[in-house]
Amino acid sequence: MSERLTVPVLPLDDTVVLPGMVVPLELNDREVRGAVEAARAVATGTKPRVLLVPRVEGNYAAVGVLGVIEREGRLPGGEPGAVVRAVSRVRIGTGTTGPGAALWVEGDTIDVPEAGPEAAALAKEYKSLVQAILQHRGAWQLVDIVQQIDDPSLLADQAGYAPYLTVEQKVTLLETADVVERLTLVTGWARDQLAELDVAETIRKDVQEGIDKQQREFLLKQQLRAVRKELAELNGDAEEGEEEDYRARIEAADLPEKVAKAALKEVDKLERASEASPEGGWIRTWLDTVLEIPWNERSEDSYDIQGARAVLDADHAGLDDVKERIIEYLAVRKRRADRGLGVVGGRRSGAVLALAGPPGVGKTSLGESVARAMGRQFVRVALGGVRDEAEIRGHRRTYVGALPGRIVRAIKEAGAMNPVVLLDEIDKVGADYRGDPTAALLEVLDPAQNHTFRDHYLEVELDLSDVLFLATANSLDTIPGPLLDRMELVTLDGYTEDEKVTIARDHLLPRQLDKAGLESGDIVFPDEALRLIAGEYTREAGVRSLERAIARVLRKVTAKVALGEAELPLVIGDLTDYLGRPRFTPEVSLKESDRRTAVPGVATGLAVTGAGGDVLYVEASLADAETGDTGVTLTGQLGDVMKESARIALSYLRSRGAELELPVGDLKDRGVHVHVPAGAVPKDGPSAGVTMTTALASLLSGRPVRADVAMTGEVSLTGRVLPIGGVKQKLLAAHRAGITTVLVPKRNEPDLDDVPAEVLAQLTVHAVADVREVLAIALEPATAGAVAA
């Protein structure tokens, strides 16, 4: 129950005393001594009482604590003092008068409610935190004292002893009467303090371990140096330090002048660096890297032009464009060598080629063949997924764990300054906050600049002008224009069926026979079977699926032999026993009723994807007039350019309906729907314009499109057929799909020279300039009563 008190004030400057605490007070201060004398003057039969009030920056707190003077005397230092025990909180009221020079006030004691279950739980948690803090500080004798405190209110007020609490926090605790609130405050503060102690302890341990390691390393080095000195004296040799060893290696390495100067400068730094300094390790790593680079080593080029061509032909069928470019490169180098021509303007005669084509056509393996044909070292640098510019140029030496970039590491790995470096998947290089690697490649792949390439780690010039760079890519769309401009583009458009059979017979089959544990005479694989696999079990520009199919056949043969169901040697006959039924039956070989183009409104187009050329179908339909739908619906994940092609095709037919004898008048009452199947695959580009126009014309005329005809080309509003790209890939795709007649724009006729002669011999190619020519060739002849669908 609250009690009214009149007591002298004993001010405490920047100190807070909480109930339950026992503190010594010096009586040298005038205010303290006056308060004690005033309390003693009014005490009658009881111990003197004072009101301990915190005074922070000259301001008194609103709540003090009633203190009982237990004893007066001398403190350990000899000065007069008193021991005061804090009893209870007192809310300060108004000032009053009393004996002595002290300040007297009236106040009411503050009742503390009894602690409930919540307070008990908080007290338990706080007690465990305090014990952990005391253990951190090594105050083991206080742990038992805290453990014996059962009163939650008293436990919370013991925080007044905590040195990690500020005066303001202790004043807040004094002014808070509720036990749960007090325990919540001190628990939070204790938790923060324990976290700080944990971090400090971790740091202390790490620092101590580092110091111990450095001391141990220093001691071992001193011992090693002493042992070396003794050995040198026994052998009559002078002592040679690590720095002198590096200096001798640099002089013996015959480095370029600027590189040697930079290396000797780093050796001077190493001599001045202390044993404990981490800079010494960085300098040693840099010197080792510089000395490992083959500055003056070059592979001797093979100038046997016929032999180089034989190596390329033996390793790869087809790919004549790449082979011709490599032979031209070797022929020019041989010619220059014969005439005694060397370096021109600091640049050697390197080259940068970009091999672009669908997966599985042999771009990566071609790099090894080129290196073997030229007699050079081969290094592959995988760029797929690289997003950090430092991967190309290296990290600056200020970073911990810095390394040179991939280009420098490739030169080190090759052991020569003129290797064949394959930059694999250059189209899949990314960019993020760490920089754009393609921007760093601009200098690497520029023949006019790469003779003075500077890696951020090395910071010395490195001559890359004698390196033959081969970059591979599936798609050119993701390669920045400036980077693509620095490379000589060689397109690999895929293999013909005959080339696939040759590759399978000469390369894939022997490799898979070895993997299956079979000898070459155990299996007879006729060319007809290989051709069937290439044509009807796989449909791709490359040969990866073809190799997997061959491997599957051989695995099944091995399993049958193991089960006793077959004996070797074995002739591969019916493929359905091994691969099931064909999955890519040509459209023209189906029954007429089963063909997609059996109904009006479906046309066959040609496209280029990241996997090479492909055949796509365009379907068109008209809504019933009664539905009231008169708009244009485009589906199949079409891009903006392809959507525009569909609208252009429809606009052209509407404007030329009478001329083309098409019933376009009722289009105002009927909606048009154009769909390109394989809806999960995004599609874009202008080359489907003639296909969409033909599909719509077929729909309106009721005349189906010929199943053996495929087409490509952009259409203008006036009906002109405009040129497009990827003609070779598209014709190869048409040939794979069994198409016999192909329509291409008139202005793409020069591109037909790139198509293999054996493919052109099996195709009838029409070069068209106007949509009317397309419709005349592509649509079936009109039948009596043909009407719009």
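**View 1. R40 pairs with E72.** R40 counts as partly exposed at a relative accessible area of 40% (buried is under 20%, exposed over 50%, partly exposed in between, with a 1.4 Å probe and protein chains only). E72, also partly exposed, comes in at 36%. Their side chains meet in a salt bridge, 2.8 Å from N to O (a side-chain nitrogen of Lys or Arg within 4 Å of a carboxyl oxygen of Asp or Glu). E72 sits in strand β5 (residues 63–74) and R40 in helix α1 (residues 30–42), so the pair ties together parts 32 residues apart in sequence (helices are DSSP runs of H or I, at least four residues, and strands are E runs of at least two, numbered from the N terminus).

A word on the model: it's predicted, so local features need pLDDT of at least 70 and side-chain atom pairs pLDDT 80 or more, while totals for chains, interfaces and linings use all residues. Residues are numbered from 1 along each chain as its sequence is written, and side-chain values use heavy atoms, leaving out hydrogens and water.

**View 2. E391 and R409 form a salt bridge.** Here the closest N and O atoms are 3.8 Å apart. E391 is partly exposed at 23%, and R409 is partly exposed at 35%.

**View 3. D455 is buried without a salt bridge.** You'll find D455 in the loop between β11 (453–454) and β12 (461–462). The nearest side chain of opposite charge, R393, is 7.4 Å away (Lys and Arg count as positive, Asp and Glu as negative; His and chain ends are not counted).
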